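My notes follow the model.

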Amino acid sequence: MAEQVVADLRERCATPVSLLRDVAVEMADEMRAGLEKEGGSRVKMLLSYVDKLPTGREEGFFYGLDLGGTNFRVLKVQLGGNDQRIANRESRAVAIPPHLMSGSSSELFGFIASELAKFVADEDKGNSFSTGKKRELGFTFSFPVRQHSIASGTLVKWTKAFCIEDAVGEDVAVKLQTAMEKQGVDIHVAALINDAVGTLAGARYYDKDVIAGVIFGTGTNAAYVEKANAIPKWEGELPESGDMVINMEWGNFYSCHLPVTEYDQALDKESLNPGEQIYEKLTSGMYLGEIVRRVLLKLSLQSAIFGEIDHTKLKTHFHLRTPHISAMHHDETPDLKIVAQKLEETLGIAGTSLETREMVVKIIDIITRRAARLAAAGLTGILKKLGRDGSIDKRRSVIAIDGGLFEHYAKFSKCLATTLSELVGEELSKSVVVKHADEGPGIGAALIAASHSQYGNVEGNPDVKY
């Protein structure tokens, strides 16, 4: 019985190259539809209003604030221009109390501003920062936002574990600015971006061939550089650079080719946002452990594989997290000691046989490989949309990826890279580079605040072609 559950899972999660190519084609089609008109696609293709990416020539002190998961990060960078790049940096991570994730917006932003005030006060000790200019901050806010300008945008909806109703439809940059003013923090929000745009900016700062920034962490998203004249829904004058960074919000992508199982359907049905973010639910860190938990629960209920156990933990949603399955997946001990330990500690499943532990690893491998291969299909869709899939443009194309899933789950990132090579072909794979982002989204936000500074202390270099 247990073997049959695993065999069925393997069959339903299969991702042959032909299926992945279909997914990539549909991703590129959805991108075009989303650029054509507002609401034209499940993939929103939001304008970021970032038309100048950092060049490395920026100078001065800038702040970054990165909010996108259960923690937020505040940071301060000193940019030293071409010679020094990032001359100095300081940062601090702060955990968000869970009750603030579903409270009121004034409570959440009040908490963030108070922590920012402490950070600024600590940074200012012994430093004379008086340049006569107002300090500037880039705000990375990793939720769907309808951008109105480089420094303003209204929240479309919450994703991940956040659900603060009174913030939906509100300008989140204004919320932060107001909260900072209440705390006596004299800093101007110069840019509002999301983590994918921040990742793109941070990577482009060091490598002009970076074409996209992608997140595979708690959630997933992608941003890339589009030609402004290829955006039919763009209204108004085209930017001088001729470029526009697009925030795809690709987590909401859906295709009939996606290999969705009964476990995914049940997870989706019971989620905060049923029917939405299906691609994210198949590929991101928040959900992989939970899918595995659901498979293990079915195994336990339909076979005697785990013996007599208390099902309390195994029945608790999100009790098995992606770091747990990663630790089990990477277990190289001959008797899978780490798997045994994690099953007992996390799910209360003790005394498993080696055969059972091997089966658990197989299940984890099936779910993780599916995620990584679908992730690679998404990246291929971006290359296809830009004509960089070998059809038109054969220049070096660098995709910078950030997020804990990509950074810490080695089997996921390795499978993603090999699948991408498989999809683009041997010849092109030499010029398509996937790399871990040089800088996190918070640094990217500070860099965009610098490249769009109200003081214009740095102009984009006209010789750098986006």
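**Cores**

I looked up the largest nonpolar core first: it has 82 residues. Phe216, Met248, Trp250, Leu296 and Leu416 have the most contacts inside it. I took a nonpolar core as a set of buried Ala, Val, Leu, Ile, Met, Phe, Trp, Tyr and Cys residues joined through side-chain atoms within 4.5 Å. Buried means under 20% relative accessible area, with a 1.4 Å probe and protein chains only. Helix 12 (residues 354-385) gives the most to this core, with 16 residues. Apart from this core lies another of 37 residues, including Phe72, Leu137, Phe141 and Phe143.

I note that this is a predicted model, where local features need pLDDT of at least 70, side-chain atom pairs count only at pLDDT 80 or more, and totals for chains, interfaces and linings use all residues. Residues are numbered from 1 along each chain as its sequence is written, and side-chain values use heavy atoms, without hydrogens and water.

I then checked Leu296. Leaving out residues up to four places away in sequence, Leu296 touches Phe306, Leu314, Leu320, Leu343, Leu347, Val360 and Ile363 (contact: heavy atoms within 4.5 Å).

**Strand pair**

I looked at strand 6 (residues 145-149) and strand 7 (residues 152-155) next; they run antiparallel, joined by 4 bridges. Pairing takes at least two DSSP bridges between two strands. Strands are DSSP runs of E, at least two residues; helices are H or I, at least four, and both are numbered from the N terminus. The two strands form a hairpin with 2 residues between them. Val145 stands opposite Leu155 of strand 7.

Terms used:
Buried means under 20% relative accessible area, exposed over 50%, partly exposed in between (1.4 Å probe, protein chains only).
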